[in-house]
Each structure stands twice: as C-alpha cells, then as structure tokens.
Amino acid sequence: MSHTVTVIGDGGWGTALAMVLNRNGHQVTVWGHDEAYSKEVTARGENFKFLPGVKLDPKIKWSSNRDQVSANTDAFVIAVPSKFYQPVLSTFQGLIAPYASVISVSKGLLDDRRLSDWAAELLEIKQVAALSGPSHAEEVALESPSAVTIASTAIEIATFFQGLFNSPRFRVYTSTDIVGVELGGALKNVIAIAAGVSDGLGFGDNTKAALITRGLAETVRLGVAAGGNPETFVGLSGVGDLIVTCGSKHSRNRGVGERLGKGETMAEIEASMSMIAEGVFNSKTAKHLAGKLGVEAPITDEVYKIIYEGKSPRESMEALLSRDPKPE
C-alpha cells in the first residue's frame, strides 16, 4: 500500500531514507528550511551539499513550505540534528494531522531527554517511534544491504513503519524498547569520537578494540540506568551501530576524533564541516545525564574535556589508561 510521507530534514540521512521510501513506492516529499536550496536540489537532481554524487529520483519532491508538506500526509520522518530539534519542530506545531504517524530517525539527546520525547511534546502528539542501527547515509542511498531497528512502546506504530521502510536492501526489525534503541544510537557517537582520537594519536587496533568494548559497557550502564533493556544494547542499535560508527571512513564522529587526535582544535574542525557530528553536541548531554543518574562514564567524561575544556587528547588517553585496575 502506498503512503504519503514527509521527511523533515534535508540532510544526508533524511535524503537516504527518502530514497528508501521512494523505492518502496511511497509518495515522498523532503522538507528543508531553505527554499532556494530545495529548488536547486530539484533542478540538479542531487543533494549536492549533504549527499553529493548520488542521483535522486525526480519523483521525490523538495519543498520549504510547511503547510504544503503537512497536508494529507500519512507519515512524518524527523531527520533533524538534535542541535536544531526544538526550533525546527516548533514550527510544525499544529500541522500534524491526528491520523498521521511520526518517527524520529536522528541519533542524539537534548537536555537529558530522548528525541522522540521532544518530538511528541513539540508536535503535541502522543506517540513518536524511533529508528536506529548501523546505517551510514551514503551506503543506504546506494542500496548497500543494511539493517536497522524501529522502536515504539506501541508495537502497532513500530510495525507500521517497518512496513513503510522494509525492503530487500533495507531490513527492519521492531522493538518496544524505545529507551534502549534511542540511547544506543545517541551514546555511540560519543564513543566514536574517542575511537577517532585513538586513530589520530596513532594507536593501534588493540587500543581501539579496548575503547569500543569499554565504551559499550559504559553505554549499557547508562542506558539501563535510564530505563533501557540491557539486551537491546547487544543488538543493531547498540553494538551494531557502535561498531560501524567507530570504524567507518564515513563516520563524522570518528573523523572529528581523529582530527582532534592529530592536533586540530574543535573550532577549526567545526569551521570546515557542513554537516553535524552529533557526538560533539551529545558529549555534553551524555555527561550531564550520567551525572544525574550517578553512572560512571569515564570515556564520555574525557571526550567532553577534550571538546569543551581543551584538554590534550593524549592526556585524556593517559587518564583512561591510568585509572585504578578493577574487575571487568
């Protein structure tokens, strides 16, 4: 069955998911705040800033008109970076029809809260699902086989979006543990920055494997304390996403860490990036959440100090390695 879907957010991830939905036969519109850019993407047939080199099907529409993209729409896909979540979604308040289903696909936290909670509040609706998993936009757009998890406390909503997105090249699983799925997707970005720092400092595979493994333990501690199911973190939205984000050439978070490890400043890195690395913003939120819940999060603490306090990456790595020995 074909549905009318609006993707809120014209970045690489929103574009890739729009392509998945379009291939599945749905009528897709991508909303972006810049009218001139939407027109240029339409004319070029390419999201040249955020997903360059990928040809777009002209059936996918591009618009900056909120009223137009919200009318007669069955489903909304929110692909807005956490940093801009509040200002963007506030402008859609009152435009979401009661019958429409909504899913958040951004991987981040905002003021200690999950993005699906923010979306429900800002859009004044009851249920917002979440999608997460190891899924770089570049690979999804080019139909490299990928698998993700869609979660909602209302399983019928998760199942609806599973039917919307699932295809032979984009396999979708469902879950009712939305807390675990969202936190796994958000916290792995912070760990990926640490993995990138290790790369930038020239450390080897042993160091990186240790960071990823201890980073997973840290993620599980924090995720469970926040109400997530520990089993979720060994699934696609946990260890799966952690592996791909810590190791991939496509990972902006790992790339930011690598550049920090090589001696660049955060200001220099941000000035050269056109897309958001969620881990930069979320290291602050994750650190605060860990403190509020009384959870030990040493890797997150050090990433925060590197980014926001200007601590030397080498000193941070030495601080992690010099911690008192303890049972695993």
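D112 is buried, with a relative accessible area of 16%. Buried means under 20% relative accessible area, exposed over 50%, and partly exposed in between, with a 1.4 Å probe and protein chains only. This is a predicted model, in which local features need pLDDT of at least 70, side-chain atom pairs count only at pLDDT 80 or more, and totals for chains, interfaces and linings use all residues. Residues are numbered from 1 along each chain as its sequence is written, and side-chain values use heavy atoms, with hydrogens and water left out.

Stay with D112 for a moment. The residue sits in the loop between β6 (109-110) and β7 (113-114). Helices (H or I, at least four residues) and strands (E, at least two) are DSSP runs, numbered from the N terminus. D112 is not a glycine, yet its phi is positive, about 70°. Most residues other than glycine have a negative phi. E124 also has a positive phi, near 60°, and is a residue other than glycine. Its place is the loop between α5 (115-123) and β8 (129-132). E124 is exposed, with a relative accessible area of 57%.

Now look at the rings. The structure holds 6 aromatic pairs. Rings of Phe, Tyr and Trp (its six-membered ring) pair if their centres lie within 6.5 Å; planes under 30 degrees apart count as stacked, over 60 as edge-to-face and the rest as tilted. The ring centres of W31 and F92 are 5.1 Å apart and the planes stand at 85°, so this pair is edge-to-face. The pair links distant parts of the chain, 61 residues apart. W31 belongs to strand β2 (residues 27-31), while F92 is in the loop between α4 (85-90) and β5 (101-104). Both W31 and F92 are buried.

F160 and F161 form another edge-to-face pair, 5.1 Å centre to centre with 75° between the planes. F160 is partly exposed, at 24% relative accessibility. F161 is buried, with a relative accessible area of 0%. Elsewhere, Y37, F48 and F50 make up one aromatic cluster.

R44 is over the face of F48, at 3.8 Å from the ring centre. K107 is over the face of W13, at 5.9 Å from the ring centre. A charge sits over a ring if NZ of Lys or CZ of Arg is within 6 Å of the ring centre and within 35 degrees of the ring normal.

Turn to the helices. Two packed helices are described by the angle between their axes and the distance between the axes. Axes are lines fitted to C-alpha atoms, for helices over the stretch in contact, and angles run from 0 to 180 degrees between N-to-C directions. The axes of α8 (residues 178-200) and α13 (residues 278-293) come within 8 Å and cross at roughly 110°. These two helices are therefore roughly perpendicular. Angles under 35 degrees count as roughly parallel, over 145 as roughly antiparallel, 65 to 115 as roughly perpendicular and the rest as oblique.

From α8, the contact takes in L183, A186, L187, N189, V190 and I193. From α13 come E278, G279, V280, N282, S283, A286 and L289. Contact means heavy atoms within 4.5 Å. The residues of this contact divide into 8 nonpolar, 4 polar and 1 charged. Ala, Val, Leu, Ile, Met, Phe, Trp, Tyr, Cys and Pro count as nonpolar, Asp, Glu, Lys and Arg as charged, and the others, Gly among them, as polar.

Next comes α9 (residues 205-225), whose axis comes within 8 Å of the axis of α14 (residues 298-308) and crosses it at roughly 105°. L211, R214, G215, E218 and R221 of α9 make the contact with P298, I299 and T300 of α14. The residues there divide into 3 nonpolar, 2 polar and 3 charged.

T219 also lies in α9. At 6% relative accessibility, T219 is buried. Its contacts, leaving aside neighbours within four places in sequence, are G184, L187, I191 and F233.

Helix α14 is mostly covered, with 8 of its 11 residues buried. Among these are E302, V303 and Y304. Their cover includes α8, α9, α11, α12 (266-271), α13 and α15 (313-321). After α14 comes G310, with a positive phi near 70°.

End at E258, in helix α11 (residues 252-261). E258 is partly exposed, with a relative accessible area of 21%. Not counting residues up to four places away in sequence, E258 touches G196, V197, D199 and G200.
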